[in-house]
Amino acid sequence: MSQSFDEISAQLRGRHRKSARLKWISMGALGLAGLFLVLFFADMLVKGLPAFQQAQIQVEVDYNERAAELPLAAVNEDVRPLVSRGYLRLIPGRMEDSPELLGTSRLEWVLADGQVDQYLKGHHSKLSGAEQAVVDRLAEQGRAELRFNTTFFTSGDSKMPELAGIASAAMGTMMTLLVTLAVSFPIGVMTAVYLEEFAPDNRFTQLIEININNLAAIPSILFGLLGLAIFINFFGVPRSSPVVGGLTLALMTLPVIIIATRTALRSVPDSIRHAAFGVGCSRWQVVRDHVLPLALPGIMTGSIIGLAQAMGETAPLIIVGMVAFIPDVTASLTEAATVLPAQIFTWAGEPDRAFIEKTSGGILVLLAVLITLNATAVVLRKKFERRW
């Protein structure tokens, strides 16, 4: 039985209403996701920006013989609790390196204790009433202020929040990623080239492809267990070192690079291959001289994204021991090291409130690096991408 015009119009109006509802629901979901993202960044900025400032106070430092044995004697008793213990520990070494300091007294800007830093930032502190009065007096005299925290970028981890920094974690991250790139990039690209350009299409290669796709989706902590079992327990690679961390992350990054490389190779038109074969090139010459150069932008983009993903991983590196307390910058691939995500994880577990802003500051640095890497991948793709 045929439908009337009114019935058809009613059905069309119902479809349009459903389409409009779906559109508004999609826009609402997008807006909600954007709101959460804005709130996340706002919270990180509010908590993390204070980490880039550190309290310093101006005190009179007396370089006497007693201070060479008891550093606390170098400053007056009323400001002694306000000066960082880390700074006081350096006084005997400074006197040993510069003997002319002995017997002198100087007015110097010194690193303040973490509680003074929290007090000047308006946060809760453990300073007594008398100590707060001294800090207020110094602030009124212009001898206590917040300055740019260079220590955060030049020092390693410390149990004293005013001395804690990301230098050792940043160096460990760079060395770990260098190992990851050196292992995963050539192996991943060569594997993808073989599977896409040379391997026959049979059950064995299909099984390999299925396993590669499955490896790209499994939890990262399983790669940490694999790295612990193979690299540390079987091969004896030093625990907590950038080598074992880089090799573990290389296992995790390999499927990403292989899939990205195969996608880039498939984007090259077959006409390029046929033209190369037509002028007498061998299969290897076709791949080396024609296909790979054209697919390189896509390969680089996928590799950078894979490295960015590996840089943000914490779970596999915790399994292989890269959460060690590293106060000094590591200079060797086989020495104990830590990475930025693991350093942030360690600071998040500290009871001192001053480490909250250190944690947020570390997250801001890590986010800045990750956004830079992803932006670089996008720029490279836009600049070198070819449309066929």
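Predicted model: local features only at pLDDT ≥ 70, side-chain atom pairs only at ≥ 80, totals over all residues.
Q: How are α11 and α12 placed, and at what angle do their axes cross?

A: The general idea is to take the axes of two helices and ask how close they come and at what angle they cross. Here helix α11, residues 270-278, and helix α12, residues 283-311, have axes that come within 10 Å and cross at roughly 140°. An angle over 145 degrees would count as roughly antiparallel, and α11 and α12 are therefore oblique to each other. The crossing of these two helices, α11 and α12, is right-handed.

Q: Which residues of α11 and α12 meet?

A: To read a contact, one lists the residues on each side and then sorts them by class. From α11 come I272, R273, A276 and F277, and they meet R283, V286, H290, V291 and L294 of α12. Sorted by class, the residues of this contact between α11 and α12 are six nonpolar, one polar and two charged.

Q: At what angle do α7 and α12 pack?

A: The reading follows the steps used above. The axes of α7 and α12 lie 9 Å apart, and the two helices pack at an angle of about 140°, so α7 and α12 are oblique to each other. Their crossing is right-handed. The residues of α7 that take part include L177, L181 and F185, while those of α12 include V291, L307 and M311. In this contact of α7 with α12 there are 14 nonpolar, three polar and two charged residues.

Q: How many cavities of 30 Å³ or more does the structure hold?

A: A cavity is read by volume and lining as well. The structure holds one cavity of 30 Å³ or more, and the largest cavity has a volume of about 40 Å³. Among the residues that line it are T173, T176, L177, A310, M311 and E313. The elements giving two or more residues to this lining are α7 and α12, and the largest share, three residues, comes from α7. By class, the lining of the largest cavity has seven nonpolar, two polar and one charged residues.

Definitions and conventions: Residues numbered from 1 in each chain as written. Heavy atoms only, no water. Axes fitted to C-alpha atoms, helices over the stretch in contact; angles between N-to-C directions. Helix = DSSP H or I, 4+ residues; strand = E, 2+ residues; numbered from the N terminus. Parallel < 35°, antiparallel > 145°, perpendicular 65-115°, else oblique. Left-handed = near helix turned anticlockwise from the far one by under 90°. Contact = heavy atoms within 4.5 Å. Nonpolar A, V, L, I, M, F, W, Y, C, P; charged D, E, K, R; others polar. 1 Å grid on protein atoms, 1.4 Å probe; cavity = no way out; pocket = protein on both sides within 12 Å on 5 of 7 lines; lining within 4 Å. Points joined across faces, edges and corners; volume = space filled by probe spheres on them.
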